[in-house]
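Here is a short report on one protein model. It covers domains, the ligand shell, helix packing and backbone details.

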Amino acid sequence: MAEHPAYPVGLRLSGRRVVVLGGGQVAQRRLPALIAAGADVVLVSPEATPSVEAMADAGEITWHRRPYAEGDLAEAWYALIATSDPEANELASAEAERHRVWCVRSDDADRATAWTPATGHSEGVTVAVLTTRARGRDPRHTAAIRDAVVEGLRDGTLVAPHHRTRTPGVALVGGGPGDPDLITVRGRRLLAEADVVIADRLGPRDLLAELPPHVEVIDAAKIPYGRYMAQEAINNALIEHAQQGKSVVRLKGGDPYVFGRGMEELQALAEAGIPCTVVPGISSSISVPGAAGIPVTHRGVAHEFTVVSGHVAPDDERSLVDWPALARLTGTLVILMGVDKIGKIAETLVAHGRSPETPVALVQEGTTAAQRRVDATLATVAETVRAEDVRPPAVIVVGAVVNVGPDAARA
Ligand SMILES: C[S@@+](CC[C@H](N)C(=O)[O-])C[C@H]1O[C@@H](n2cnc3c(N)ncnc32)[C@H](O)[C@@H]1O
């Protein structure tokens, strides 16, 4: 008999009975999508994996704890046969055929009347990949094609120009600490769809090189601001480009709301009536220590971590940080923008009770090719920064966590 290709179709199963026979790994993998499709799922199986059992307990499926019996498929629109009993699979398959119920078989794709494609989702689109014929089926190949397409749609490397959904207005995108792989999937997609990108010095600058030539990339540090404050000039640039109907991405280092002035920009855009979406980013305050082998918390060592800006010295009247209180805490202190003032900061922490022997690590240009870690103590850090010529951007970690990993520089 000639083998014809399968006919692809999307089943709309909402409220319709789907019978699943067998509660093992196959059911566990397939049930979430059936539940998401709104199907009225009836599982027939004497046993089930803990995850499948949890779906039954949560009321997402109806579970009959017994083996398959003739008549189980009578009311079904669609069936998944996946028991470990070959005879039951055969009988159920024959019943499905009699009742004209489309039926997937985990044990014998050749004899099934339907196949499950490798599926993935991206922004309102379902990608489903099927092999053409049963013979020579290579599920890993179809899964790899699905992954390539979904990943390409998500990160913007596969652009569907006539159908792409453009986000009007401005997206404040947290770009992560610098490694281009550490931006979120959403951030990367918005970047790929942008007409204009206004970028900071910090963040994943390598991603800018990948943008198509028509995208205007503006270095925020170079926006001329004349009589304006720099931030005001950036806000105005965002507003002006968005008012021209362009999709604007404001690409920021780390997370937009961690010492990133994200809310100031959002407020300015709101006042100008421009829609703004905020995409969180991986903050350097956690990821840069992590990249250098330092966990900001560790069981039995630190039950808290505090992230603080060190851009003004503790005795500066503009400082909003209660350094004496921080000195009394026992957990981890993560200091951003603190390289210049670390001498004064260390002095203040010791003066108010932290041991001068407290370990300190400075991680410069974390997650980039130039990453470097320099270890010291509160007593030695000022001199170490000078001697080792540590420069911003660096994250400074103070506390016992500095020494828990295998990368710690132990004397
Ligand atoms: C203005 S703050 C912005 C922080 C950012 N919003 C975040 O969540 O990571 C800039 C400071 O973040 C830290 N920083 C950001 N990226 C860094 C990196 N890759 N390596 C070391 N420090 C970094 C430095 O302390 C730098 O001075």
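## Terms and model

Helices and strands here are DSSP runs, numbered from the N terminus; a helix needs at least four residues and a strand at least two. The model is predicted.

## Domains

The protein is divided into four parts: domain 1 (1–116), domain 2 (122–165), domain 3 (169–279) and domain 4 (285–403). These bounds come from an automatic or database domain assignment.

Take domain 1 and domain 2. Their C-alpha centres lie 24 Å apart. Domain 1 gives seven residues to the contact, and domain 2 gives seven residues. On the domain 1 side that touches domain 2, five residues are nonpolar and two are charged.

## The ligand shell

How many residues surround the ligand? There are 24, and the closest are G254, V258, S283, S284 and G366. Two elements give two or more residues to this shell: α9 (284–291) and β17 (394–398). The most comes from α9, with three residues.

By class, the shell around the ligand holds twelve nonpolar, ten polar and two charged residues. Where does the ligand lie relative to domain 3 and domain 4? Domain 3 (169–279) and domain 4 (285–403) both give residues to the shell, so the ligand lies between them.

## Helix pair α1 and α2

Two packed helices are described by the angle between their axes and the distance between the axes. Helix α1 (residues 25–36) packs on helix α2 (residues 50–57) at an angle of about 30°, and their axes are 9 Å apart. Angles under 35 degrees count as roughly parallel. α1 and α2 are therefore roughly parallel to each other.

The crossing of α1 past α2 is left-handed. From α1, the contact uses A27, Q28, L31 and I35; from α2, it uses S51, V52 and M55. Five of these contact residues are nonpolar and two are polar, with no charged residues.

## Helix pair α7 and α8

Helix α7 (residues 230–243) and helix α8 (residues 262–271) cross at roughly 50°, and their axes come within 10 Å. That angle makes α7 oblique to α8. The crossing is right-handed.

On α7, the contact residues are Q231, N235, L238 and I239; on α8, they are E264, E265, A268 and L269. The contact of α7 with α8 counts four nonpolar, two polar and two charged residues.

## Helix pair α11 and α12

Helix α11 (residues 342–351) and α12 cross at roughly 160°, with axes that come within 8 Å. Are they roughly parallel or roughly antiparallel? α11 and α12 are roughly antiparallel to each other. Their crossing is right-handed.

I342, G343 and A346 of α11 meet V381, A382 and V385 of α12. This contact has five nonpolar residues, one polar residue and no charged residues.

## Backbone details

Which two residues are joined by a cis peptide bond? The bond joins P392 and P393, with omega about 0°. P393 sits in the loop between α12 (381–388) and β17.

F259 also deserves a look. Its phi is positive, about 45°, although F259 is not a glycine. F259 is placed in the loop between β11 (247–252) and α8.

Key. Residues are numbered from 1 along each chain as its sequence is written. This is a predicted model: local features need pLDDT of at least 70, side-chain atom pairs count only at pLDDT 80 or more; totals for chains, interfaces and linings use all residues. A residue is near a molecule or strand if its C-beta atom, placed from the backbone, lies within 6 Å of it. Ala, Val, Leu, Ile, Met, Phe, Trp, Tyr, Cys and Pro count as nonpolar, Asp, Glu, Lys and Arg as charged, and the others, Gly among them, as polar. Two residues are in contact if their C-beta atoms, placed from the backbone, lie within 7 Å. Axes are lines fitted to C-alpha atoms, for helices over the stretch in contact, and angles run from 0 to 180 degrees between N-to-C directions. Angles under 35 degrees count as roughly parallel, over 145 as roughly antiparallel, 65 to 115 as roughly perpendicular and the rest as oblique. A crossing is left-handed if the near helix is turned anticlockwise from the far one by less than a right angle, and right-handed if clockwise.
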